[in-house]
Amino acid sequence: MLFDDTYCTIAEPAEGFFKDKGSKFISFIFPVSSENEAKTHLLELRELHPKANHHVYAYRLGLDRMTYRLSDDGEPSGSSGRPILNTLYSKEITNILVVVVRYFGGTLLGIPGLINAYRSATEAALENAQIVAKHLFNLYDVQFSYVQMNDVMRIVKEMELPVRAQTFEMECKMVVEVRTTLTERFITRCEKVEGLSIKLL
């Protein structure tokens, strides 16, 4: 289940394959964090498979069910992009793009056959993927003087904050990752350190 700021996605791209009545359905899945990333993968696949009859896709971003896009790419409406998206919902995974490239085999599959084919191709790719849990987070720029180092490092260590960048001189600077569910606690703790300034990036 998805809780608060935790979501499931895939660790790296994977592929799957499904065949029915001569038609080949090759599925490609990618972890994505933006629409632009999804578009880049789509363009690359169109170049790799220029002779395919259809490049059907669906992608989902974020934790709500409102940020998604799908395309039947010439297949009958609702027969292909929607089954892909519904598979992502049923598996509770997000920040993911699925593209199913179809090479037509000469026999029409009908709507039920297409729904089954696109769903099965998506599931085949997911079976080859490593599903991982990740967290939504914000990046904070933390600035402080050298004498406050111990106070700042205590917050970072106790809250287990990943450090993205750091500079330690007379004036010190760090960029830390703060899970969205911990933001309030992080800000409250930082406010107790005199002279410490934080800025949301």
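What is the order of the strands in the open sheet of five strands? The order is E2-E3-E6-E4-E5, and the pairing is antiparallel.

1. Basis. This is a predicted model, in which local features need pLDDT of at least 70 and side-chain atom pairs count only at pLDDT 80 or more, while totals for chains, interfaces and linings use all residues. Residues are numbered from 1 along each chain as its sequence is written, and side-chain values use heavy atoms, with hydrogens and water left out.

2. The five-stranded sheet. Helices (H or I, at least four residues) and strands (E, at least two) are DSSP runs, numbered from the N terminus. Two strands count as paired if DSSP finds at least two bridges between them. In the sheet E2-E3-E6-E4-E5, the edges are taken by strand E2 (14–20) and strand E5 (68–71), each with a single partner strand, so one side of each has no neighbour in the sheet. From one strand to the next, the twist averages 15°. Seven bridges link E2 to strand E3 (residues 23–31) in the antiparallel sense. Lys24 in E3 is the bridge partner of Lys19.

3. Contact here means heavy atoms within 4.5 Å. Axes are lines fitted to C-alpha atoms, for helices over the stretch in contact, and angles run from 0 to 180 degrees between N-to-C directions. Helix H1 (residues 35–48) packs on the sheet and touches E3, strand E4 (54–60), E5 and strand E6 (96–103); the direction of H1 makes about 165° with that of E4. Helix H2 (residues 81–90) also packs on the sheet, where E4, E5 and E6 are touched, and its direction makes about 30° with that of E4.

4. Leu45. This residue is in helix H1. Is Leu45 buried or exposed? Leu45 has a relative accessible area of 3% and is therefore buried (under 20% relative accessible area; exposed is over 50%, partly exposed in between; 1.4 Å probe, protein chains only). Apart from its neighbours within four places in sequence, Leu45 is in contact with Phe28, Phe30, His55 and Val99. Leu45 and Val101 are 56 residues apart in sequence, and 8.4 Å separates them in space, C-alpha to C-alpha.

5. Arg102. This residue lies in strand E6. Arg102 is buried, with a relative accessible area of 4%. With neighbours within four places in sequence set aside, the contacts of Arg102 include Ser23, Lys24, Phe25, Glu75 and Tyr118.

6. H2 and H3. Helix H2 packs with helix H3 (residues 110–127) at an angle of about 40°, and their axes are 8 Å apart. The two helices are therefore oblique to each other; angles under 35 degrees count as roughly parallel, over 145 as roughly antiparallel, 65 to 115 as roughly perpendicular and the rest as oblique. Pro83, Ile84 and Thr87 in H2 meet Ile115, Tyr118, Arg119, Thr122, Glu123 and Leu126 in H3. The residues of this contact divide into five nonpolar, two polar and two charged. Ala, Val, Leu, Ile, Met, Phe, Trp, Tyr, Cys and Pro count as nonpolar, Asp, Glu, Lys and Arg as charged, and the others, Gly among them, as polar.

7. E1 and E7. Four of the five residues of strand E1 (residues 6–10) are buried. E1 is joined to strand E7 (residues 131–135) by five bridges, and the two run antiparallel. Thr9 has Val132 in E7 as its bridge partner.

8. The four-stranded sheet. A further open sheet has four strands in the order E9-E10-E8-E11, again with antiparallel pairing. Strand E9 (163–167) and strand E11 (197–200) are the edge strands, each pairing on one side only. The twist averages 20° from one strand to the next. Strand E8 (residues 137–145) pairs with E11 over four bridges, and Val142 has Ile198 in E11 as its bridge partner. H4 packs on this sheet, touching E8, E9 and strand E10 (171–179), whereas H5 lies across E8, E10 and E11 and runs at about 5° to E8.

9. H4 and H5. The axes of helix H4 (residues 149–158) and helix H5 (residues 183–191) come within 10 Å and cross at roughly 165°. That makes H4 roughly antiparallel to H5. Arg154, Ile155 and Glu158 of H4 make the contact with Arg185, Phe186, Arg189 and Cys190 of H5. These residues divide into three nonpolar, no polar and four charged.
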